[in-house]
2 protein chains.
Amino acid sequence: MTTARQPQQERSRATRERLLDATVEMLAGQGWSATTVAAVAEAAGVSRGAAQHHFPTREALITAVMEEMFESMTGDASRVVGALPDDLDARVRIVVDKAVSIYTGTEFKAALQVWAAAASDPALREVILPLEAKLARAAHKFTVTGLDPTGENPEAHRLAQVTLDLARGLGLADTLSDDSRRRSQVVATWVEQLVAALR
Amino acid sequence: MTTARQPQQERSRATRERLLDATVEMLAGQGWSATTVAAVAEAAGVSRGAAQHHFPTREALITAVMEEMFESMTGDASRVVGALPDDLDARVRIVVDKAVSIYTGTEFKAALQVWAAAASDPALREVILPLEAKLARAAHKFTVTGLDPTGENPEAHRLAQVTLDLARGLGLADTLSDDSRRRSQVVATWVEQLVAALR
């Protein structure tokens with residue numbers, strides 16, 4: 001029984017992954033209105049029936065995408081925190097780079113579309129806000145731990161907040177055109193500031 | 001002739017203003033898809049014909065809204081810069097508050113909708129990018145001048161960039177729920193950092 005079922009479960013999981021990946025790409029590249037369950041199914045090469053079995057509504061699909069982002073972000077972050085160097089400059093640099101990378105990838109561009117849609121859709125906002133808060137808490141925990149591993153610096157909490165708000169602003173500046181050159185200057189300036197404040 | 005024409009010109013200008021104000025409100029509250037010239041005309045209590053006389057296309061309307069934001073922002077900014085105190089702490093505080101206010105009002109929420117739509121609409125992006133660049137340059141000039149009125153601090157340019165990216169990130173954090181309490185802490189932390197860096 002188990003051996004016969006395993007492949008089907010694996011196929012089902014692979015289908016789900018394909019749908020979630022296609023949703024992120026479609027949100028980021030084609031926007032909220034274009035991203036329906038049917039359109040995502042077509043882009044992922046999945047039958048409409050199979051897609052609706054996994055995600056009966058767009059809300060279910062979007063919730064799953066946001067949860068997947070959360071999983072991937074927290075997984076990444078704990079790997080980074082687990083391997084940070086002792087040297088303050090190097091550590092701060094890695095933490096800031098990681099924080100900025102959260103907000104400058106395709107996932108963030110996808111999330112921005114959901115955010116913009118939720119601004120005018122109270123029902124969607126109700127779904128998004130708790131996921132958003134969970135993501136923000138995880139990002140904050142990662143940043144504080146990275147900046148102040150021993151938990152001794154009373155300023156670390158607020159400096160982590162500045163870091164994440166700055167990262168979010170840099171992400172937004174990157175949505176319409178490639179802002180990576182300017183961004184690397186801004187990141188270097190903030191890393192200097194942070195090192196000085198934490199030393 | 002002049003006296004007879006004057007009231008008509010004034011009425012026309014007032015109609016245009018009403019349409020622009022209604023567009024900002026509608027974008028911020030109801031999103032990009034809902035904000036058509038016809039819907040804006042109805043919300044502003046203007047006939048569809050009169051609205052289309054002023055703004056034949058949604059693109060024309062959105063461009064005018066972005067230009068109006070630019071005018072209002074640069075006007076405000078030059079008033080603020082003209083009246084800054086000499087005291088460093090007080091000056092930095094006012095400049096940061098002003099920078100943050102650019103990104104936390106209804107105008108920014110409206111612009112965010114345009115931004116999100118432009119991410120998946122290359123034609124709209126072509127229209128928005130130069131306006132966006134103009135706005136960014138004006139905001140940067142205001143911030144640099146405010147932080148370093150004598151133009152003597154080589155760090156002021158980069159610190160102004162950090163200030164504006166941070167302000168943009170704070171604006172984004174405020175779109176789905178009121179973030180003003182957390183924001184005031186973040187702003188206080190950044191003002192301290194800036195004063196230390198500029199002293």
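Me: Which helix of chain B is B:Asp21 found in?
Reply: B:Asp21 sits in helix 1 of chain B, residues 2-34. Note that this is a predicted model.

Me: Is B:Asp21 buried or exposed, or partly exposed?
Reply: Partly exposed, because its relative accessible area is 46%, and the label covers values between 20% and 50%.

Me: How far apart in space are B:Asp21 and B:Gln185?
Reply: The C-alpha to C-alpha distance is 31 Å, and the two are 164 residues apart in sequence.

Me: Switching to the contact between the chains. How many residues does it take from chain B and from chain A?
Reply: Chain B gives 39 residues and chain A gives 39 residues.

Me: What area is buried between chain B and chain A?
Reply: About 3,400 Å², with carbon and sulfur atoms giving 60% of that. On the chain B side, B:Arg158, B:Leu172 and B:Leu176 supply 20% of the area chain B buries against chain A, more than any other three residues.

Me: How many salt bridges are there between chain B and chain A?
Reply: There are 4 salt bridges between them. One of these pairs the side chains of B:Arg182 and A:Asp165, at 2.8 Å from N to O. Residue pairs in polar contact between the two chains number 12.

Me: Which helix of chain B gives the most to the side that touches chain A?
Reply: Helix 8, with 11 residues. Helix 1, helix 6, helix 7, helix 8 and helix 9 of chain B each supply at least two residues of that side.

Me: How do the residues of that side of chain B divide into nonpolar, polar and charged?
Reply: 20 are nonpolar, 12 polar and 7 charged.

Key. Residues numbered from 1 in each chain as written. Chains lettered and ligands numbered in written order. Predicted model: local features only at pLDDT ≥ 70, side-chain atom pairs only at ≥ 80, totals over all residues. Heavy atoms only, no water. Helix = DSSP H or I, 4+ residues; strand = E, 2+ residues; numbered from the N terminus. Buried < 20%, exposed > 50% of the residue type's maximum accessible area, 1.4 Å probe, protein only. Contact = heavy atoms within 4.5 Å. Buried area = accessible area lost by both parts, 1.4 Å probe. Polar contact = N/O pair within 3.5 Å; in protein donor to acceptor, adjacent residues only side chain to side chain. Nonpolar A, V, L, I, M, F, W, Y, C, P; charged D, E, K, R; others polar.
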